[in-house]
Structure formats: C-alpha cells, structure tokens
Amino acid sequence: MKVTNTISQVMEQYSTNIVKKAEYSAWGLFARAILAGAMIAFGAEASNVAAHGIADVGLARTVAGVVFPIGLMMVILMGAELFTGDCMLVIGVTEKIISLRKLIVMLVTIWIGNFAGGALISALTYFSNQFNYSGGGLGAYTIKVAVGKTGLSFGTAFVSGILCNILVCAAVLMAMCATDVAGKILASFFIIFAFVISGFEHCVANMYYITAGLICKLNPDYVSVSMGKYGLTEAQLASLNIKTFLINNLVPVTLGNIVGGALLVGIPLYYINVGRKKH
C-alpha cells in the first residue's frame, strides 16, 4: 500500500487542483472560504481558552500551539478554501493554467469569505457568553491579544506574516504527501504547532483574534479586567480599533502571507520539482 506521495507528485497534484478550483462558481468558492474562516476561528478560539489562564508566555504559547492546529486539520480534511494556503495558486499563473486576473479574483473572494467566517464565529462566541470564563478573564485576555497584534509596526507584521505562511504552506503540502487521515493530521500538526509557538502572524487567524478583541472591548467588564489584570492603559485600549486592525495588522500580514506562500514556497517548490522538467 502506498504510504506517502513524493513532493514532486504533490506539486503535480497541486497544479491539477488549481484547474478544479478555477472551475468553482463564485458562490461555491466563497462558501468554501467562509467554512475555512470559521474552522481557523474555532482553532483560534479554543487556543485562547486553553492559554488564557497561564501566566508564563512560553507555556501559554505551547498550550495554544497544541490546540490551534485543529483549524487547519479541518480545512485540509473537509475541502475548505484558506487564503494562506491558496497563496500557492500563483503557480497556476506561472504555468498559464489561470490568468493573473482570475488569480486575483479567486484570492480576493477567498480572503473576504475567510473574514466572514472568522467574524461570524467571533460574534457567536461572544453571544455564547464564553468570554465570561474566569470572571471575564477570557474576555480580558482576548482584548490583550488583539491589542498586542494591532500594536505591531507594519514591518514587523509583514515579516512575521512571511514566516507564518512559509510554515502554513509547508504544512499543507506535507499533508498532501500523506495518503491517510492520520498521516495528514500528523503532518499538519507539528508545523502549525511551531508557527503558533513562534508567534508568527496569520491573517485569517487574526480575522478571529482581533475581531473578537474588538467585540470584547465593547463590554466594560472585560475592559475593566484587562486593565486590572494585564495593566492595559486607556491609550492602549483606544489604539485597538478598525483602523489599526486593518493598517497595522491585516494589510501587512496579508502581504507577508502572500510573499511567504507564493514566492518562498509555492513557486520555488513547483519549479524545483516539476517546472524545470517541462522547460
């Protein structure tokens, strides 16, 4: 029985998958993207619950790293469309499988769908009263995480996004190397575990983390706990807003994710394993 696919076989299969994805209707692609955004949000939400009561940063990230990968596992096994992994669709342009315009339309559709899915889970989590855990401590922790992410400089967020998507795309391709469910889970788990521990920035995960922080900020009880427990100042809380969400985090992280996934993983691996054999 075949246990694994080689990376050359995986890259050939990925180019075949691009053709299939390009044939999805706009609504079909969008629906798959909403699903992926929700799945990553569940991983982010659960990782916050697991880590929010742990004071030691290293231990908290380790615990979060154990939990967060469930999001990508669901994406891989359920055929959802995740922007970060789909940055490798640029292979289709280099091989003239799809046009640049088609690539842009697909990625924008997926990005918006991912955002819709992440925002939906953020809102539903709030109304489930989950953020009341630990006397409002989870809500306060969610605000703290969002403040930290929107407080990054453009350059830091950009580079962190690059590093993140090198690992995420590697996880996607390694999961494709496996031919059974257990192998796909193991292949994706350890790489995503490393990315979370490292604290790199993932635009789709941040669609949950920061949206949830903005929602929690509307609750004065969570704000009060965040100031008392984490020492957040009024200025820091004021800096958490839609503008900083987009400009300080989502835009640079998205650009970094594109560079990491498309230019540093997708195109080089495809060329090394498949492309140069064709030319």
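**Reading helix α12 and its neighbours**

Modeller: Let's start where α12 ends: the helix is followed by G231, whose phi is positive, near 70°. This is a predicted model, so local features need a pLDDT of at least 70 and side-chain atom pairs count only at 80 or more, while totals for chains, interfaces and linings use all residues. Residues are numbered from 1 along each chain as its sequence is written, and side-chain values use heavy atoms, with hydrogens and water left out.

Colleague: What average pLDDT does the protein have?

Modeller: pLDDT is the predictor's confidence in each residue, from 0 to 100. The protein averages 95, and 97% of the residues score at least 70.

Colleague: How many helices and strands does the protein have?

Modeller: Helices (H or I, at least four residues) and strands (E, at least two) are DSSP runs, numbered from the N terminus. The protein has 14 helices and 0 strands. Its radius of gyration is 19 Å, close to the 19 Å that the globule rule gives for 279 residues, so the protein is as compact as a globular protein of that length. That radius is taken over C-alpha atoms, and the rule is 2.2 Å times the number of residues to the power 0.38. Along its principal axes, the C-alpha trace spans about 60 × 40 × 30 Å.

Colleague: Which residues of α12 are buried, and which exposed residues does the face turned away from them carry?

Modeller: Buried means under 20% relative accessible area, exposed over 50%, and partly exposed in between (1.4 Å probe, protein chains only). In α12 (residues 220-230) the buried residues are Y222, V223 and S226. Seen down the axis of α12, they fall within an arc of 100°, so they line one face of the helix; the arc is that of the directions from the helix axis to the C-beta atoms. An α-helix has 3.6 residues a turn, so residues three or four places apart point the same way. The face turned away from the buried side carries the exposed residues P220, D221 and G228.

Colleague: What do the buried residues of α12 pack against?

Modeller: Contact means heavy atoms within 4.5 Å. The buried residues of α12 pack against α7 (100-127), α8 (133-150), α11 and α13 (234-238).

Colleague: And which residue reaches the backbone nitrogen of D221 at the start of α12?

Modeller: A side-chain oxygen of N219 comes to within 2.8 Å of that nitrogen. A polar contact is a pair of N or O atoms within 3.5 Å; within protein, one must be able to donate a hydrogen and the other to accept it, and residues adjacent in sequence count only if both atoms are side-chain atoms.

Colleague: Is N206 buried or exposed?

Modeller: N206, in helix α11, is buried, with a relative accessible area of 0%. Its side chain makes a polar contact with the side chain of E201 (2.7 Å). Among the residues N206 touches are K149, F245 and N249.

Colleague: Where does the side chain of N165 reach?

Modeller: N165 is found in helix α9 (residues 154-177) and is buried, with a relative accessible area of 0%. The side chain of N165 reaches the backbone oxygen of N257 at 2.7 Å. N165 also touches other residues, including T84, G85 and C87.
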